[in-house]
Amino acid sequence: MVDAETGDGVSDGDQRDVVIELVDVEKRFGDAVAVDHVDIAIGRGEFFSLLGPSGCGKTTSLRMIAGFEAPTSGEIRLDGKDVSKVPPYRRNVNTVFQHYALFPHMSIFDNVAFGPRSAKTDKAVVRERVTEMLEVVRLADFAKRRPSQMSGGQQQRVALARALVNYPSALLLDEPLGALDLKLRQAMQLELKRIQREVGITFVYVTHDQEEALTMSDRIAVMNQGLVEQIGTPTEIYDAPRTVFVAGFIGQANLWPAELRSQSDGTATVAALGAALEGRALERLDGPVTLMVRPERIRVCATPEEAVAPCVKLTVSDLVFQGPVVRLAAAAPDGTEVVAHIGADQQLPLLRPGDDVWCGWDAAAASVLPGVPGLAPQRSPDDIERVFS
C-alpha cells in the first residue's frame, strides 16, 4: 500500500501496530518555533532515527516523547493513548543520553538491577532479567566490575542494559555515541543495531550523523527548521530524496540549478550543464528546479564514445585521492562544477588539471527536485508527511 500524498510505502499490518505517534505536534519557546506541526508514526520493534542539523527540532521532539517537554499543541501518543500531559516517570519509555549517568559506587550488575529493584520486582526475576540483559550486551563476565573499570563503549552498553531491563515500549537515545572516538563509534553502531534486533524493542534515535542514521535505521525522519522534510528507509532517503535539503544533507551530491523544459510519467527534462538532461521527478514541478546526481553514479570517460549518453564535456580542475575512490572536480561548459568519484573499475588514463573528459549517468541516477539550493520552497503544515511504519 502507498500513501497517496507522499508516495511512501505503508503496510496495512504496520498501521495497526504503531507504538509512538506525534500528531500535529508544535513546540514553541516564546516566539521561536522549535517543532512545527509534525506528524510521525513509529512502529513497534522499529529502529527509527530523527536526523538533522543542530537546531532542527529533533532533540525537542525526543524530549516531548520522553515527557521532559510538553507540546504547545498536538498530541503525543504511546500505545494509542495520549500521554501529552503524563509525567515522564509514568510513561513506559526509557532514555539514554550521551552521558550515561551510571552509579559509580555500584557494580555493573547492581546498576542494571536498579530499575526492577525500584519497582519491587521479585529477587529471582531481577536476577534472571539482569543476567539475560548482560548476555545481550555481551557483558556477562563484567557483572562485578564498577563503571570506572569499564571502557566508554562498555559503559554505554551498561546504560543500554539498564534502560532495557524493564522492557519499555520504546527506548529513546539522544546522540549516545557522541562522546566516543571514531573507530569505537562505528563499532557501536553495529552493536546498537544488533541489540535492538535481539530485544525487539522500538528504538528512537536522535543524531546529526548521517552515517549513524544510514547504518542503523529501519526508517529515518530528516528534519529541518522544525519540519519533517522526508521520512523513509535509508535507501529511499539516499537514492530518492524529495527535497533539495534532503539531497544535500544526506551524503554527497551534485546539486545543479536547472531550467525545467518538460515533464511526463515521472520524468523531467531540464537544461543544465549546457545540455538537455533527464531525471526522475517524484512530484509535479513548477518554477525553479535542481538536478541532483550522486558523485559515485557519474561515469567519467576519456572520449565521448565511451560515455553514457547523454554526456557532458568537462574540463578537469582538481583530483584528490581518497582511498577507495579518486575525487574528480571538473567544470562544465557553462562553468558549473561537477564532482565525480572514480573507482578502481574505471580504467582512465592519467588525468591532470586542464584535461578534457566526458561524463554521463543512467537516467535513473538523476533526480529533479523543486527549488534551488539555498532557496528551497517553504512547506505549509498541510504538506507535512504522516507516514506509518
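Residue R77 lies in strand β4, which comprises residues 73-78; helices (H or I, at least four residues) and strands (E, at least two) are DSSP runs, numbered from the N terminus. The structure is a predicted model, in which local features need a pLDDT of at least 70 and side-chain atom pairs count only at pLDDT 80 or more, whereas totals for chains, interfaces and linings use all residues. Residues are numbered from 1 along each chain as its sequence is written, and side-chain values use heavy atoms, with hydrogens and water left out.

With a relative accessible area of 27%, R77 is partly exposed, because this class falls between buried (under 20% relative accessible area) and exposed (over 50%), as computed with a 1.4 Å probe on protein chains only. Leaving aside residues up to four places away in sequence, R77 touches V19, I20, E21, V23 and D82, where a contact means heavy atoms within 4.5 Å. The side chain of R77 also makes a polar contact of 2.7 Å with the side chain of E75. A polar contact is a pair of N or O atoms within 3.5 Å; within protein, one must be able to donate a hydrogen and the other to accept it, and residues adjacent in sequence count only if both atoms are side-chain atoms. Between the C-alpha atoms of R77 and D36, which are 41 residues apart along the chain, the separation is 17 Å.

Strand β4 belongs to an open sheet of four strands, ordered β2-β1-β4-β5 with antiparallel pairing; two strands pair if DSSP finds at least two bridges between them. Eight bridges connect β1 (residues 18-29) with β2 in the antiparallel sense, and K27 stands opposite V35 in β2.

A further antiparallel pair is formed by β12 (residues 267-272) and β13 (residues 275-280), which are joined by six bridges. A272 has A275 in β13 as its bridge partner. Two residues lie between the strands of this hairpin, in which L273 takes a positive phi near 60°. Elsewhere, strand β10 (residues 227-232) contains E229. This residue, E229, is buried, with a relative accessible area of 9%, and its side chain makes a polar contact with that of N224 at 3.4 Å.

Helix α4 (residues 123-136) has 14 residues and should span 20 Å at 1.5 Å a residue, which agrees with the 20 Å between its end C-alpha atoms; the expected span is 1.5 Å times one less than the number of residues. The buried residues of α4 are V126, V130, M133, L134 and V136. They lie on the same side of α4 because they cover an arc of only 150° around the axis, the arc being that of the directions from the helix axis to the C-beta atoms. These buried residues pack against α3 (108-118), α5 (152-164) and α6 (182-199), while the face turned away from the buried side carries the exposed residues A124, R127 and E128. At the N-terminal end, α4 is capped by D122, a side-chain oxygen of which lies 3.0 Å from the backbone nitrogen of A124. R138, whose phi is positive and near 60°, follows α4.

The chain averages a pLDDT of 86, and 91% of the residues score at least 70; pLDDT is the predictor's confidence in each residue, from 0 to 100. Over residues 1-14 the pLDDT is below 50, and this stretch has 24 contacts in the model beyond near neighbours in sequence. Over residues 376-389 the pLDDT is likewise below 50, with 45 such contacts beyond near neighbours in sequence.
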